[in-house]
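I opened my notebook to look up a few packing details in this model. Here is what I looked at.

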Amino acid sequence: WGLMLVLSVVIYGSHAPLLTMCKVDGKIPFSSTSVVVLIELTKLVMSWHHAVPFALSALLYAANNNLVVHMQLFMDPSTYQVLSNLKIVSTALLYSLLLRKRLSMRKWLALFLLVAAGVSYSCGGLQDPGSPSKMQLHITLVGLLLISVYCLISGLSAVYTEAILKTQALPLSLQNLFLYFFGVLLNLIGYFWSSAEGSFLEGFSSWVLVIVVSQALNGLIMSVVMKHSSNITRLFVISCSVLVNALLSITLFNLQLTLLFFIAISCISLAVHLYYGVT
C-alpha cells in the first residue's frame, strides 16, 4: 500500500510538468482525445493479466474443433467415433500429471471401462435395421497421427482450463467472460480467414438454433463442473450421455439397440461404481 501510494503521488505530481515538456512552440501538438484513448487502452491491457491465460484455452479449443473436421478426410466416421474415445485416457493422464492428482488403480480401471464403453457403443451400439451388421474401419497413417494430436489437445485444453479456473480467485462468470471473449475472437478470425462464401447465418434453421443454445448452456455447465469438481466428472458426464443419444436415435431415426449398447451401459455402470462408490 505504501509503495502504491507513493508511486501515485509521484505520477500525479509529474503530470503537469510532463505535459509542459510535450509542448512545441508553446502549444500542445497532439489530440487530447487520442491521448485519453491510449491511456484507457493501456489500463485495459495492464488489467488484462487475469484474462491472458484464457487465450491459450480458446486457442486449443478452436484448434481441436477445426481438427475434427479436417481429419475426417483421412478416416471414416466410424473409425473416428471409436478412436476418439482415447481422449478419456489422455485427459486422465494429463489430469494426473499436470494437476498432481494421483488416481488409485481402482479409479484407473473405472476410466478404462469408460474407454471400453465408448468403443463398444461406437462399434455398433445402434444399428439401422436395413443396414449390414458388419462394420469396417479405415484410417490412414496421417489420420492416425491427427487423431493422436486431437486426443492430446483435447486432454490438454480441458486440464489447462480446469487449472486456470481453480487457481484464479475470480468469480466464474468473469472467468467465463475472458474465455468466451477469446473464443469468439479466434473463431471469427478463422471464419473470415477461410473466406467462407455466403452470409454468416446462411443455412440456419430452428434446429441449428437449438444446437447453439444447448451447446452454449452445456459449456457453462462444464465450466461449473471443472471449477468446483474435476475433468474426471466431465468424462463421466460425456460417457453417460450415450443413454440420451440412444433414446433420441431410437425415437427420431428408428434405430435399434444391439448387444454392444448393453455392454457399453454395463461398462459405464461398473465404472461409476468403481470411481465414485455408487451402487
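**Notebook: cores and helices**

I started at Ile 232 and found it in contact (heavy atoms within 4.5 Å) with Ala 92, Tyr 95, Leu 111, Tyr 275 and Tyr 276, leaving aside neighbours within four places in sequence. A reminder to myself: this is a predicted model, where local features need pLDDT of at least 70, side-chain atom pairs count only at pLDDT 80 or more, and totals for chains, interfaces and linings use all residues. Residues are numbered from 1 along each chain as its sequence is written, and side-chain values use heavy atoms, with hydrogens and water left out.

Next I looked up the largest nonpolar core, which has 27 residues. Such a core is a set of buried Ala, Val, Leu, Ile, Met, Phe, Trp, Tyr and Cys residues joined through side-chain atoms within 4.5 Å. Buried means under 20% relative accessible area, exposed over 50%, and partly exposed in between (1.4 Å probe, protein chains only). Ile 232 is among the residues with the most contacts inside this core, as are Leu 111 and Phe 236.

Then I turned to Leu 220, which sits in helix H9 (residues 206-228); helices are DSSP runs (H or I, at least four residues), numbered from the N terminus. Is Leu 220 buried, exposed or partly exposed? I noted it as partly exposed, because its relative accessibility is 40%. Not counting residues up to four places away in sequence, Leu 220 touches Asn 176 and Tyr 180.

My last stop was H3, where the buried residues include Phe 54, Leu 60 and Leu 67. The buried residues of H3 pack against helix H7 (141-167) and helix H8 (172-193).

Definitions and conventions: Helices (H or I, at least four residues) and strands (E, at least two) are DSSP runs, numbered from the N terminus.
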